[in-house]
Amino acid sequence: SESGNTYYRVVLIGEHGVGKSTLASIFAGVPDTLDSEMLRENTYERTLMVDGESATLILIDMWENKSQDNWIQDHCMQVGDAYLIVYSITDRASFEKASELRIQLRRARQTEDIPIILVGNKSDLVRCREVSISEGRACAVVFDCKFIETSAAVQHNVKELFEGIVRQVRLRRDSK
Ligand code: GDP
Ligand code: MG
């Protein structure tokens, strides 16, 4: 592109235990690779080639924090250029939480058209499934966002997830 490389802040949000940090560690790759760097605690940077154009994602996995007040969560709601709202397909409560988070995000960023992907993780755990694919899809339609099921455990659709969020940000950028 004319402006060279582009940087996008992507924030992982979702209930405890759904697989956010596992997705982040796959994104980051093994610690000694040169193109993957842990910037600060729970923040990862990686440059991806998507559709022939490079993009650098700053992935932020600090939604869960031990501090009592929730300024970190408020901060997370403000700083993302894009969001991955993650639930576990084996945990209906985490799916319901995803809806709450979508509403919270919409409130926090009212005037903006922020790219979001609803992520149904743990798709490998077929026998423990509590949320069907069609429920996930229907929810994404209501949310007006993209949907993907992933398995961080067997690394299914994880690459597609991160490429997908780059495409979503670009679509909005290009329509401006
Ligand atoms: P977080 O709290 O959202 O950051 O979730 P974690 O990444 O810490 O994952 C919680 C637990 O779920 C860990 O024991 C992970 O190994 C496990 N886990 C994460 N992703 C998957 C997945 O896709 N499939 C399976 N079977 N387990 C997963
Ligand atoms: Mg975590």
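**View 1. The surroundings of ligand 1.** Around ligand 1 sit 15 residues (C-beta atom, placed from the backbone, within 6 Å of the ligand), and the closest are G19, K20, S21, T22 and A153. Helix α1, residues 20–28, supplies the largest share of this shell, 3 residues. Sorted by class, the shell holds 4 nonpolar, 7 polar and 4 charged residues; here Ala, Val, Leu, Ile, Met, Phe, Trp, Tyr, Cys and Pro are nonpolar, Asp, Glu, Lys and Arg charged, and the others, Gly among them, polar. This is a predicted model, with local features needing pLDDT of at least 70 and side-chain atom pairs pLDDT 80 or more, while totals for chains, interfaces and linings use all residues. Residues are numbered from 1 along each chain as its sequence is written, with chains lettered from A and ligands numbered from 1 in the order written.

**View 2. The largest nonpolar core.** This core has 41 residues, and L12, L84, I85 and L118 touch the most other members. Such a core joins buried Ala, Val, Leu, Ile, Met, Phe, Trp, Tyr and Cys residues through C-beta atoms within 7 Å; buried means 20 or more other C-beta atoms within 10 Å of a residue's own, all placed from the backbone. Elements giving two or more residues include β1 (6–14), β5 (82–88) and α3 (92–108). The top contributor is α5, with 6 residues.

**View 3. I85 and its contacts.** Leaving out residues up to four places away in sequence, I85 touches I13, G14, A98, L101, R102, I116, L118 and V119. Contact means C-beta atoms, placed from the backbone, within 7 Å.

**View 4. The chain as a whole.** Look for 5 helices and 7 strands, taken as DSSP runs (H or I, at least four residues; E, at least two) numbered from the N terminus. Of the 176 residues, 36% count as buried.

How values were computed. Buried ≥ 20, exposed ≤ 12 C-beta atoms within 10 Å, placed from the backbone. Contact = placed C-beta atoms within 7 Å.
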